[in-house]
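Here are my notes on the model you sent over. Have the structure open while you read, and check each point against it.

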Amino acid sequence: LKAGLENNEFCFWILPHTLKLKNAKIHLRRSIEDLDDYFAKGQLMIGDYKEFYLKDEFFSWRQSIENITDMVKNALEKGFKRIRITGDGSWAVDSGHWFNFLRYEKEVNKALESYKIKAICSYSIAKLDLRNLCEIGITHQLSLANLAGNWNRIETDQLAGIRRVLSY
């Protein structure tokens, strides 16, 4: 987010279910000077995952993609060079929305390719079993996993192969 703000990019952070807006701002203030200025000029937005993804406890992958598309068009019209979005999908794992959320992750990649968007999707590895990890991983260009304090790059084809084995 910091790099995006410094490069005149619009940044949107969809908060994980474990983080509240007040605490998110505290974290951002540690590394981003003039944080309030970015909010004031509409360059930075932070949203609660429920407000962004759920309407009356219902998740629509189509509506979520439409929300992102509208946000991106608006940001580009305001003159921002690119868009950075980060969000956490851990809420969907045990919510009954998992399969629709996987569809969203797959379809949102098409929107990312159509616009100038950089995105990072995070998940709590503690909430994912191996099948979930593979399912979410194959919807992304690549995955990084922090295992025992070490960051590991996991290629999409590796996850697809593991998923095939698990399907038997």
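The points below go through salt bridges, cysteines, surface patches, backbone angles and a couple of residue pairs.

1. Some ground rules before the details. This is a predicted model, so I kept to its limits: local features need pLDDT of at least 70, side-chain atom pairs count only at pLDDT 80 or more, and totals for chains, interfaces and linings use all residues. Residues are numbered from 1 along each chain as its sequence is written, and side-chain values use heavy atoms, with hydrogens and water left out.

2. Salt bridges, to begin with. Side chains of opposite charge can pair when their charged atoms come close. The rule here asks for a side-chain nitrogen of Lys or Arg within 4 Å of a carboxyl oxygen of Asp or Glu, and by that rule there are four salt bridges. One of them joins Arg84 and Glu9, with 2.4 Å between the closest N and O atoms. Arg84 sits in strand β5 and Glu9 in the loop between α1 and β1 (10-15), so this pair ties together parts 75 residues apart in sequence. (Helices, H or I with at least four residues, and strands, E with at least two, are DSSP runs numbered from the N terminus.) Both Arg84 and Glu9 are buried, where buried means under 20% relative accessible area, exposed means over 50%, and partly exposed is in between (1.4 Å probe, protein chains only).

3. Two further salt bridges are worth a look. Asp94 and Lys127 meet at 3.7 Å, N to O. Asp94 is exposed at 61% relative accessible area, while Lys127 is partly exposed at 28%. The other bridge is Asp36 with Arg29, whose closest N and O atoms are 3.1 Å apart. Asp36 is partly exposed at 44%, and Arg29 is partly exposed at 42%.

4. Cys11 is buried, at 0% relative accessibility, whereas Cys121 is partly exposed at 33%.

5. Now the charged surface patches. Patches take residues with over 30% relative accessible area and no salt bridge; like charges are joined within 9 Å, and nonpolar side chains (Val, Leu, Ile, Met, Phe, Trp, Tyr) within 5 Å. Lys and Arg count as positive and Asp and Glu as negative, with His and the chain ends not counted; each charge is placed at NZ of Lys, CZ of Arg, CG of Asp or CD of Glu. The negative patch on the surface brings together Glu6, Glu33, Asp34 and Asp37. Glu6 belongs to helix α1 (residues 2-6) and is exposed, at 55% relative accessible area. A patch of positive charge gathers Lys81, Arg82, Lys116 and Lys118, with Lys116 placed in the loop between α6 and β6 (117-122).

6. There is a nonpolar patch on the surface as well. Leu142, Leu144 and Trp151 make it up, with about 360 Å² of accessible area together; the areas come from the Shrake-Rupley method with a 1.4 Å probe, and for residues only the protein chains shown count as cover. Leu142 lies in strand β7 (residues 142-147) and is partly exposed at 35%.

7. Two backbone angles to check by eye. Most residues other than glycine have a negative phi. Asn8, not a glycine, has a positive phi of about 55 degrees; Asn8 is in the loop between α1 and β1 and partly exposed at 31%. Asp56 also has a positive phi, near 55 degrees. Asp56 is in the loop between β3 (54-55) and β4 (58-59) and is exposed at 74%.

8. Last, two pairs by C-alpha distance. Ser90, in the loop between β5 (83-88) and α6 (98-114), is buried at 1% relative accessibility. Ser90 and Arg131 are 41 residues apart in sequence and 14 Å apart in space, C-alpha to C-alpha. Asp129 lies in the loop between β6 and α7 and is partly exposed at 44%. The C-alpha atoms of Asp129 and Val93 are separated by 9.7 Å, with the two residues 36 apart along the chain.
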